[in-house]
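Open the model in your viewer and keep the selection panel handy.

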Amino acid sequence: VSQSRYIEVADAFTNVASRLNLATGSIEKATIAQQRLFEIAQKTRNSFTATADVFARFATSTQQLGISQERLFDVTKTLNQAITLSGSSAQSAQAAMIQLGQGIAAGTLRGEELNSVLEQTPAVARAIADGLGVPVGALKKLGEQGKLTSEMVIEALEKMAGKIDSDFNKTTATVGQACTQ
């Protein structure tokens, strides 16, 4: 592995630590979050940096709602499992997570961010739709109306956590997912 790759990995971890410090409000909480998010990424066969990024965006955008860190860990796990169920490539899944994180950070999932989720991670879109009790096709209209708020997306994923966990436990890691781990 080249020296530039080591530098890239070290910078990625530094950036994650910085985002988690901001999102959690303290170095101690950020350290705990980093450890928990690494475990979630490993168990769900997803990228650690993308997992931490989405968590940080959820935490930042929902601070005023008083959502606990533990609840956000659970939602992050469910989201990662749904991404794995989507069968997307690692690159597509990471791109969709970044887009979802950006939408959540803005407070509403819509536009390009919603389109990315719909196209690249269909199981996430299905989970959000099922959690809201609407067909997947209705998500675009809800997004256009500004009705897919961060809180609604979190609640929808929470409602579907049991089913997603059950479906996820029936899957086998791909070679690419094993490499990500």
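Helices here are DSSP runs of H or I with at least four residues, numbered from the N terminus. The model is a predicted one, where local features need pLDDT of at least 70, side-chain atom pairs count only at pLDDT 80 or more, and totals for chains, interfaces and linings use all residues. Residues are numbered from 1 along each chain as its sequence is written, and side-chain values use heavy atoms, leaving out hydrogens and water.

**Stop one: a pocket**

Select A23, T24, K29, F55, A59, Q63, I67, S68, Q69 and L72, which line the second largest pocket. A pocket is an open set of points on a 1 Å grid over the protein atoms alone, where a 1.4 Å probe fits, with protein on both sides within 12 Å along at least five of seven lines; lining residues have an atom within 4 Å of a point. Its volume, the space filled by probe spheres set on the points, is about 150 Å³. Now color α1 (3-24), α3 (48-61) and α4 (69-86): each gives the lining at least two residues.

**Stop two: R45**

Next, pick R45, in the loop between α2 (27-44) and α3. R45 is not a glycine, yet its phi is positive, about 60°. Is R45 buried or exposed? With 11% relative accessibility, R45 is buried (under 20% relative accessible area, 1.4 Å probe, protein chains only).

**Stop three: two helices**

Finally, show α1 with α2. Their axes, lines fitted to C-alpha atoms over the stretch in contact, come within 8 Å and cross at roughly 125°.

How values were computed
Buried means under 20% relative accessible area, exposed over 50%, partly exposed in between (1.4 Å probe, protein chains only). Axes are lines fitted to C-alpha atoms, for helices over the stretch in contact, and angles run from 0 to 180 degrees between N-to-C directions.
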